[in-house]
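New notebook page. I want to get my bearings in this fold before going into any detail.

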Amino acid sequence: MAIVSDPDLSFAVSSLTITIFVFPSAAAAPPLIQAWEVRLAVTVSGFYVRKMKTLWGSCNPRARTIRLNTELAKKPRACLEYIVLHEMVHLLEPSHGPKFRVLMDQHMPAWREKRQELNRLPIGHEDWGY
Ligand SMILES: [Zn+2]
């Protein structure tokens with residue numbers, strides 16, 4: 001599994017150490033991804049961490065890559081794990097149809113609560129502190 005920095009970011013992030021320093025969410029993700037690779041019997045070829053305005057994560061089932069929002073670093077670890085699992089389940093089922101929900105129920109029975117928790121907060125909220 002490769003850790004890939006986002007080419008859209010204006011600064012170069014080339015090493016794992018720097019990636020984890022800049023994005024703490026990146027540090028928590030690899031062990032979660034590895035654990036779920038075993039449980040789901042899938043392989044992830046890489047993951048990206050990037051700023052996104054409308055998504056917590058996304059999956060490219062053909063390239064077998066997942067993308068995580070940098071904002072997940074500020075959320076409870078259980079929420080990060082929910083997004084990791086959600087994106088990895090897309091490797092088995094690209095849609096959000098019944099098969100997807102069955103797989104989520106099977107592997108993380110409380111996933112709806114975690115989704116609700118994430119949806120309570122806007123993505124990319126900035127505290128300007130004035
Ligand atoms: Zn999805």
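Below are my notes, from the overall layout down to one helix pair.

**Layout.** I'm working from a predicted model. I found five helices and four strands in the protein. Reading from the N terminus, I get the order β-α-α-β-β-β-α-α-α. I also looked up burial: 25% of the 130 residues count as buried. Then I checked contacts with a separation of 6 or more, and 54% of them join residues 24 or more positions apart.

**Core.** Which residues touch the most other members of the largest nonpolar core? I noted L68, I83, V84 and M88, out of 20 residues in that core. Two or more residues each come from α2 (24-40), β2 (46-50), β4 (65-69) and α3. Helix α3 gives the largest share, seven residues. I followed up on M88: setting aside neighbours within four places in sequence, I see M88 in contact with W36, L40, V42, V44 and I66.

**Helix pair.** How do α3 and α5 pack? I have α3 as residues 77-89 and α5 as residues 111-119, with an angle of about 110 degrees and axes 9 Å apart. An angle of 65 to 115 degrees counts as roughly perpendicular, so α3 is roughly perpendicular to α5. I wrote the crossing down as left-handed.

On the α3 side I listed A78, C79 and Y82, which meet W111, K114, R115, E117 and L118 of α5. Sorted by class, this contact has five nonpolar residues, three charged ones and no polar ones.

Conventions
Residues numbered from 1 in each chain as written. Predicted model: local features only at pLDDT ≥ 70, side-chain atom pairs only at ≥ 80, totals over all residues. Axes fitted to C-alpha atoms, helices over the stretch in contact; angles between N-to-C directions. Parallel < 35°, antiparallel > 145°, perpendicular 65-115°, else oblique. Left-handed = near helix turned anticlockwise from the far one by under 90°. Contact = placed C-beta atoms within 7 Å. Nonpolar A, V, L, I, M, F, W, Y, C, P; charged D, E, K, R; others polar. Buried ≥ 20, exposed ≤ 12 C-beta atoms within 10 Å, placed from the backbone. Core = buried A, V, L, I, M, F, W, Y, C linked by C-beta atoms within 7 Å.
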